[in-house]
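Here is a quick tour of one protein model, written for someone who likes to know the cut-offs behind each number. Have a look at the sequence and the structure first.

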Amino acid sequence: MARIQFTGTGKAYFVTTLSSTTSPTAVQIIAGTDLTPFLRQDGLNRSQDSGLVDTATAANLFETTDIGTRSAKLELTLYRDSETADDDAWAALEIGNRGFLVVLPFGGGGALGVPVAADRCEVWPVAIANRSNSAIAKDAAQVFTVSCAVTSAPVDDAVVA
C-alpha cells in the first residue's frame, strides 16, 4: 500500500468537454489546460458536505436524523505568469467558463505523469463563479483565487478510459 502526497505527484486539468464524467478519455483530459504547474502546493480545496434531515419525535429522547441534500465546494489558488502567452491558468479560468476540473490525485501513469487508461481520477463539473487576484505581499509571487460553482455531483471514483 502506497500513501503518497499530492505535491509532486498529482495532476489537475481544466477541461471544457468530456464525453463521460465516470470515464473521461486521456485524450480529452490532455486536451484541457494543465493547471498543475500553476497550482500552489496548498491551492486545491475541494470538499463535499451533506445536510441532515431532523426526524426526531417527542416520543423518543434520542434525536434521530436522516440523509438530506448534498453540496460541494471547490476553490483553487494559482500563480500568475508575467508572459501573457504563458498565463494559461488565468486565461482558462475566466468568470463564466464552464467545464470540468479533472483531478488525478495519484498522478498519471504515462511519461511525465500524463494521464493514461486505468488511472484513477475525480471529475468536478464546474462553472467559474469568481476569479480574483490576491493581495500583493513582500517576497511573494502573484497568485489568484478561483471559486467554482459545482454544477452537478462530483464523481469521486472515475477512471480514465
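## Ground rules and layout

This is a predicted model, so to speak of local features a pLDDT of at least 70 is needed, side-chain atom pairs count only at pLDDT 80 or more, and totals for chains, interfaces and linings use all residues. Residues are numbered from 1 along each chain as its sequence is written, and side-chain values use heavy atoms, with hydrogens and water left out.

The protein has two helices and eight strands, in the order β-α-β-β-β-α-β-β-β-β along the sequence. Helices (H or I, at least four residues) and strands (E, at least two) are DSSP runs, numbered from the N terminus. The C-alpha trace spans about 65 × 40 × 35 Å along its principal axes. Of the contacts (heavy atoms within 4.5 Å) with a separation of 6 or more, 68% link residues 24 or more positions apart.

## Strand 7 and its partners

Strand 7 (residues 143-150) runs antiparallel to strand 4 (residues 65-79), with six bridges between them; DSSP has to find at least two bridges for two strands to count as paired. Here threonine 77 sits opposite threonine 145. Strand 7 also pairs with strand 6 (residues 120-133), again in the antiparallel sense, over seven bridges. Arginine 131 faces valine 146 of strand 7.

How much of the protein is buried? Of its 161 residues, 35% are, where buried means under 20% relative accessible area, exposed over 50% and partly exposed in between (1.4 Å probe, protein chains only). A nonpolar core is a set of buried Ala, Val, Leu, Ile, Met, Phe, Trp, Tyr and Cys residues joined through side-chain atoms within 4.5 Å.

The largest nonpolar core has 21 residues, and Leu35, Leu76, Leu78, Leu93, Leu101 and Val146 have the most contacts inside it. At least two residues of this core come from each of strand 1 (11-15), strand 3, strand 4, helix 2 (88-92), strand 5 (98-104), strand 6 and strand 7. Apart from it lies another core of 13 residues, including Val15, Val102, Leu104 and Val155. Leaving out neighbours within four places in sequence, leucine 101 is in contact with residues including Leu35, Leu44, Leu74, Leu76 and Trp124.

## The largest pocket

The largest pocket holds about 180 Å³ of space. On a 1 Å grid over the protein atoms alone, a pocket is an open set of points where a 1.4 Å probe fits, with protein on both sides within 12 Å along at least five of seven lines; lining residues have an atom within 4 Å of a point. Volume is the space filled by probe spheres set on the points, which are joined across faces, edges and corners.

Its lining has 14 residues, with Phe6, Thr7, Leu39, Arg40 and Gln41 nearest the centre. Strand 3 (residues 39-54) gives the largest share, seven residues. By class, the lining has three nonpolar, seven polar and four charged residues. Ala, Val, Leu, Ile, Met, Phe, Trp, Tyr, Cys and Pro count as nonpolar, Asp, Glu, Lys and Arg as charged, and the others, Gly among them, as polar.

## Residues worth a click

Alanine 26, in helix 1 (residues 26-31), is buried at 14% relative accessible area. Not counting residues up to four places away in sequence, alanine 26 touches Pro115, Val116, Val160 and Ala161.

Most residues other than glycine have a negative phi. Alanine 118 has a positive phi of about 85°; it lies in the loop between strand 5 and strand 6 and is exposed at 60%. Aspartate 139 has a positive phi near 60°, in the loop between strand 6 and strand 7, and is exposed at 76%.
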